[in-house]
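Me: I would like to go through the terms used for this model and see what each one rests on. Please set the values against the definitions.

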Amino acid sequence: MHIAICGGTFDPFHRGHLEPVLHARESMQWDRVIYVPAWKQPFKQDRDTASGFHRFAMAVLATRDYDWMFVSDIELQRGGTSYSVDTLAELRALYADAQFDWIIGEDNVAQLPQWREPERLFAMARFVVLTRGESAHQTADSRIVFAKTPPIPVSSTEIRRRVRAGEPIDAFVDPLVARYIQHNGLYKEGTA
Ligand code: ATP
């Protein structure tokens, strides 16, 4: 089985988390994509997020149409700082015969060498960078591959800003996610 993992804060889950993955799957032939909401991202320690429960729920709502997409609570259950190397080790124990790709957006690629235990990490998974670059290509060691995807110019930061400002977010998130945010009063005044 070929499994792709996409980690993130997903605060909230938006089109930029879904659509590039749908596109990349056409060439990558993943049997499953597992979204893994982080408890605490190593590089985003300073910000309060919506609860893990809310972030998990929004990811489930947004991926409901795809029976090959899953949302895992593995990092929420583990707590502490969420290191991908720990998550991969756990998932490899669960799916003993699987081959793993770790999906990241282009904005994260420069930081990769600073991830915890990069050598162990690269031994356990190949990294697939979703890029708006001209063409898909591979690095020499083939542990990092680039998949060209159409750019979706949206970020969770921008969505939270819009909610605070009372601006619509319908163009950026699934309708059920928009409704969930509204019903639960997420991202109102005083939150980052
Ligand atoms: P924030 O604005 O709060 O920093 P974000 O929108 O960048 O959040 P994350 O939850 O940090 O979202 O991202 C999870 C993963 O999705 C990361 O690998 C990130 O690079 C990728 N990603 C986020 N937004 C996009 C986008 N618009 N297009 C492609 N990939 C994206």
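**Terms and their grounds**

Reply: By class, the shell around the ligand holds six nonpolar, nine polar and two charged residues. The model is a predicted one.

Me: What makes Gly8 and Gly16 part of the group that comes nearest to the ligand?

Reply: A residue counts as near if its C-beta atom, placed from the backbone, lies within 6 Å of the molecule. There are 17 residues around the ligand, and Gly8, Gly16, Gly105, Ser156 and Thr157 come nearest. Two or more shell residues are given by each of α1 (15–28), β4 (99–105) and α6 (156–165). The largest share, three residues, is that of α1.

Me: Why is β1 described as largely enclosed?

Reply: Buried means that 20 or more other C-beta atoms lie within 10 Å of the residue's own. Six of the seven residues of β1 are buried, so the strand is largely enclosed by the rest of the structure.

Me: What makes β3 and β6 edge strands?

Reply: The open sheet has six strands in the order β3-β2-β1-β4-β5-β6, with parallel pairing. β3 (69–71) and β6 (144–148) each have a single partner strand, so one side of each has no neighbour in the sheet. Direction ignored, neighbouring strands are turned by 30 degrees against each other on average. For β6, the pairing with β5 (residues 126–131) is parallel over five bridges, and valine 129 has phenylalanine 146 in β6 as its bridge partner.

Me: Which strands does α1 lie across, and what is its angle to β5?

Reply: α1 lies across β1 (2–8), β2 (32–37), β4, β5 and β6, and runs at about 120 degrees to β5. Helix α4 (residues 84–94) also packs on the sheet, where it touches β1, β2 and β4, and its direction makes about 150 degrees with that of β4.

Note on methods
Residues numbered from 1 in each chain as written. Predicted model: local features only at pLDDT ≥ 70, side-chain atom pairs only at ≥ 80, totals over all residues. Helix = DSSP H or I, 4+ residues; strand = E, 2+ residues; numbered from the N terminus. Nonpolar A, V, L, I, M, F, W, Y, C, P; charged D, E, K, R; others polar. Pairing = 2+ DSSP bridges. Axes fitted to C-alpha atoms, helices over the stretch in contact; angles between N-to-C directions. Contact = placed C-beta atoms within 7 Å. Buried ≥ 20, exposed ≤ 12 C-beta atoms within 10 Å, placed from the backbone.
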